[in-house]
Amino acid sequence: MTVTYTARVANARFCGFSKLLLAWKGSIYKVLYKEFLAFFAMYTAISITYRFVLYDDQKRYFEKLAIYCNHYASLIPMSFVLGFYVTLVVNRWWSQYTSIPLPDRLMCILSGGLQGSDERGRLLRRTMMRYASLSALLILRSVSTAVFKRFPTMDHVVEAGFMSREERKKFESLHSPYNKFWIPCVWFTNLAAVARCEGRIKDDHTLTLLLEELNGFRGKCSMLFHYDMISVPLVYTQVVTLAVYSFFLVCLIGRQFLDPNQGYPGHDLDLYVPIFTLLQFFFYAGWLKVAEQLINPFGEDDDDFETNWLIDRNFQVSMMAVDEMYGDLPMMERDRYWNDSNPRPPYTAATLFVLRKPSFQGSTFDMAIPKEEMHFQPLEDIAENMEESSSYHPNMALFNRLLNAAPSPTGLMGGALRRTSAQLHRLRHSPSIDQCTSDDDDDDDDESVKIGKGGSLPSGLGQDTQSTVSSVRDAKGLRTPLLEVQFGANTERQRHSVFNEKKEMCEVEEKSDEELYIREEREEVESTVGEIQAPSSRLLRPPQSSRETSTRSASAIPFTSRHRSAFTFHPAADSSLEHCSSQPAINHNRAVPTIPKPPLGGNKKSFLTVPSHNEPQRFRSVSMGSELTGS
């Protein structure tokens, strides 16, 4: 019977497993002592031969052989091979035990589902339960040596009462080259159909439940048969066995104690008995013996399954459940906690300490939260926070990370890209920015802006400037055409006008909407400016610095319009006008060469409108060809 020591290790204590080392039945000593004695005897024989039989020249040759074997013995992967193999065998061992058919579920359904306390009902229940036990007996007789020794022939099965003589004749008349353990299960289903026709099984649901449980019982019998037929691959078992045996055969020579006078490294002592080699053999060979004992648990080893005991238990319990216990109920009465809403079963003095322990309420039951974080937040604030978080596009974070991590061709370009990313991030979170609109939809008469010569970027703008994003506040319904931009001769006048317009903008922002509208009307009437003629041909000097490159690149863009009126453009006139560029900020107070005027021979001329501060701001990226609008 299986060696059970569970009660001896129920509580962990000092050297709890040490008492188990003295057990003999089912122990490693009982399994391994023969191999251990054989290994020690062979080692002793080789040691005596080396010390007392061999000549000196033969000893020198043996010593070289021993050093060689000891050096290359470690190449055999003992732990790797044995570990996987024993793990596979242990998992298979437990799966085979869970596949043993047990009649407990089937007998409960049969006792409650097949009605009738008369002799016919009793006969049906006992016969059907006996068929299930017979099927389990036939499959265990096929896989277990202990059961086969108990029931070597079918006559023993009939004599034991699992099968009648008529049933045996019927069983043997059914010819099949395969195992016929499933035949009693078919007899069970036929009797269940008869009981349903007789009305002893009240409904089809009960019949279905009974047959499903029988199929589960038969499935476990089939699994036992397949476990017996499909073993662990033979090559795997052979590899493990050869690895262990070859390793210790090499150790018989390689682990010999050599003559210390020869001065071999690691052979300074001569202990005669290889203690650690014997321990290594005990562990590795014992590991292999564990797999050898568990690979087929239906044998007669000390730790094999007690199949004969299972047959006796299952047959007795199942017959009692469907016969003697059918309809046998104790008298119902009120329990002792009938009027107690909180029943508490009593404790003995040995278990009284359990009452002192508080009841477990959950892992977060004692969790402390600050009081300021316990207040509910208004739904309006939550919705606003959700809108702000949704307005931040996830691609912007990725774009910023790429700009910060990716190396640029020059140090100036990397710094410009990082400044552009930071300003883009700041603009997107500005509360005064609305969604962007395309400049192509503003006016049907607007034409695409020509940049440089032949529609290409100027040399200064194309070399260093990667992205230029500017925000401009547009006036609602009011736009002033920008025909031409001229700097240089009127620099001083522009400085004064920029300062005045900045001051006016600060005053406008403090007034109400009505006063702001009146002032805008007045400024529109007074905003008539004559056309400024510029030299038709003037070449730009090549850029010499990043500051001049940005200024000249921005000023090298010619704008033409169908209208003849124009005004001088002041980039810093509005305090909210912000240039986000990869180049350093433009110093508008410096003298800048005059913008060359495009030829007058063209029929179509495009113009650029500068919106006032009341309309939503617009951001345009020149290099990416897209518009960005913060929200």
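Helices (H or I, at least four residues) and strands (E, at least two) are DSSP runs, numbered from the N terminus. By that rule, this protein has 20 helices and six strands. The model is predicted, so to speak of local features we need pLDDT of at least 70, and side-chain atom pairs count only at pLDDT 80 or more, while totals for chains, interfaces and linings use all residues. Residues are numbered from 1 along each chain as its sequence is written, and side-chain values use heavy atoms, with hydrogens and water left out.

Let's start with burial. Buried residues (under 20% relative accessible area, with exposed over 50% and partly exposed in between, using a 1.4 Å probe and protein chains only) make up 34% of the 631 residues.

Now for the salt bridges. Side chains of opposite charge can pair when their charged atoms come close. Here a salt bridge is a side-chain nitrogen of Lys or Arg within 4 Å of a carboxyl oxygen of Asp or Glu, and the count comes to 18. Take lysine 289 and glutamate 35, whose side chains meet at 2.8 Å, N to O. They sit 254 residues apart in the chain, lysine 289 in helix α12 (residues 275–294) and glutamate 35 in helix α1 (residues 28–52). Lysine 289 is buried at 13% relative accessibility, whereas glutamate 35 is partly exposed at 26%.

Helix α1 also holds arginine 51, while aspartate 270 lies in the loop between α11 (234–254) and α12, 219 residues apart. Arginine 51 counts as buried at 18%, and aspartate 270 is partly exposed at 25%.
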